[in-house]
Amino acid sequence: MASLTGNKIGLNSQASVGTYNGITLAAGCTDVLIAGNTSGRTADGNGQQGYGCVATATADRYVITGNNFSGNHTGGVSGATDSTKIIDNNVA
C-alpha cells in the first residue's frame, strides 16, 4: 500500500479560488493510505484550494484518516465510502 503522510499542503489555486484540490486520488488509483496530513489553510497557505482531498469515482481500496482538511474553499474531503473505501476521523 502506498502512503502519503505528514505533509502540509496549502498553496494551491493561486490563479483562481477552488480550481485545484490539495490531494487527488486519480481515476484508477488503488491501495493508498492518506494519513496525518494538513491540506488547507496552513501558516503558509491561502485556503483557496477546492477540497483538501478528493478521491475520484474510480479510485478504490483507500483509507483517508487522521488528516486536517480545514480552511478549504469547497470542503474538507470528497469521496465515496464502502467496505474498500474508508474516510474517517478527519477534521474538516
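Trainee: Which residue stands opposite Cys53 in β6?

Mentor: Ile23 stands opposite Cys53 of β6, where strands are DSSP runs of E with at least two residues, numbered from the N terminus. This is a predicted model, in which local features need pLDDT of at least 70 and side-chain atom pairs count only at pLDDT 80 or more. Residues are numbered from 1 along each chain as its sequence is written, and side-chain values use heavy atoms, with hydrogens and water left out.

Trainee: What makes β3 and β6 count as a pair?

Mentor: Two strands pair if DSSP finds at least two bridges between them, and strand β3 (residues 23-25) has three bridges with β6 in the parallel sense, so the two meet the definition. Strand β8 (residues 75-78) likewise runs parallel to β6 and is joined to β6 by three bridges, with Val77 as the partner of Cys53.

Trainee: Why is Val91 called partly exposed?

Mentor: Buried means under 20% relative accessible area and exposed means over 50%, with partly exposed in between (1.4 Å probe, protein chains only); Val91 has 48% relative accessibility, and therefore counts as partly exposed.

Terms used. Helix = DSSP H or I, 4+ residues; strand = E, 2+ residues; numbered from the N terminus.
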